[in-house]
Amino acid sequence: QVQLVESGGGLVQPGGSLTLSCAASGIMFSSNAVGWYRQAPGKQRELIASSTTGGSTWYAEKGRFTISKDNAKNTAYLQMNSLKSEDTAVYYCNADRTPYTSWFTPGYWGQGTQVTVSS
């Protein structure tokens, strides 16, 4: 059974930084691509970053967010810098169901972690 558990969310001031973690069990980030999504109130869930097993990364907005993985810990991360109020959302981790793909396709979801950017 695949389980993805996000952590690291919370309240941060504008301009601050936060790093989200996604610990996986039942699936290996060394063989399956991973993506981070977010869903703001009243908006659709959107993909903000992804990483394939080949090391290719994609970002909806380059410069402020960085996706990474620690295969030994089977954990993915999303480092977020220069946070803005519009970054307030629930952030979700997602793991591709198919191993060793050249691109990321959404598969398994985590439960999400709330990020609130406010002074």
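1. A charge is taken to sit over a ring if NZ of Lys or CZ of Arg is within 6 Å of the ring centre and within 35 degrees of the ring normal. R45 lies over the face of Y92, at 3.7 Å from the ring centre. R97 lies over the face of Y108, at 4.3 Å from the ring centre.

2. The model is predicted: local features need pLDDT of at least 70, side-chain atom pairs count only at pLDDT 80 or more, and totals for chains, interfaces and linings use all residues. Residues are numbered from 1 along each chain as its sequence is written, and side-chain values use heavy atoms, with hydrogens and water left out.

3. The structure holds 3 aromatic pairs (rings of Phe, Tyr and Trp, the last by its six-membered ring, with centres within 6.5 Å; planes under 30 degrees apart are stacked, over 60 edge-to-face, the rest tilted). The Y37 and F104 rings have centres 6.3 Å apart and planes at 55 degrees, so this pair is tilted. Because Y37 lies in strand β4 (residues 34-39) and F104 in the loop between β9 and β10 (108-109), the pair ties together parts 67 residues apart in sequence. Ring pairs link Y37, Y92, F104 and W109 into a cluster.

4. Y37, at 9% relative accessibility, counts as buried, as does F104 at 13% (buried: under 20% relative accessible area, 1.4 Å probe, protein chains only).

5. Strands are DSSP runs (E, at least two residues), numbered from the N terminus.

6. Strands pair if DSSP finds at least two bridges between them. Strand β2 (residues 10-12) runs parallel to β11, joined by 3 bridges, with V12 opposite V117. Strand β9 (residues 89-95) pairs with β11 in the antiparallel sense over 3 bridges, and Y91 stands opposite T113.

Definitions and conventions: Helices (H or I, at least four residues) and strands (E, at least two) are DSSP runs, numbered from the N terminus. Buried means under 20% relative accessible area, exposed over 50%, partly exposed in between (1.4 Å probe, protein chains only).
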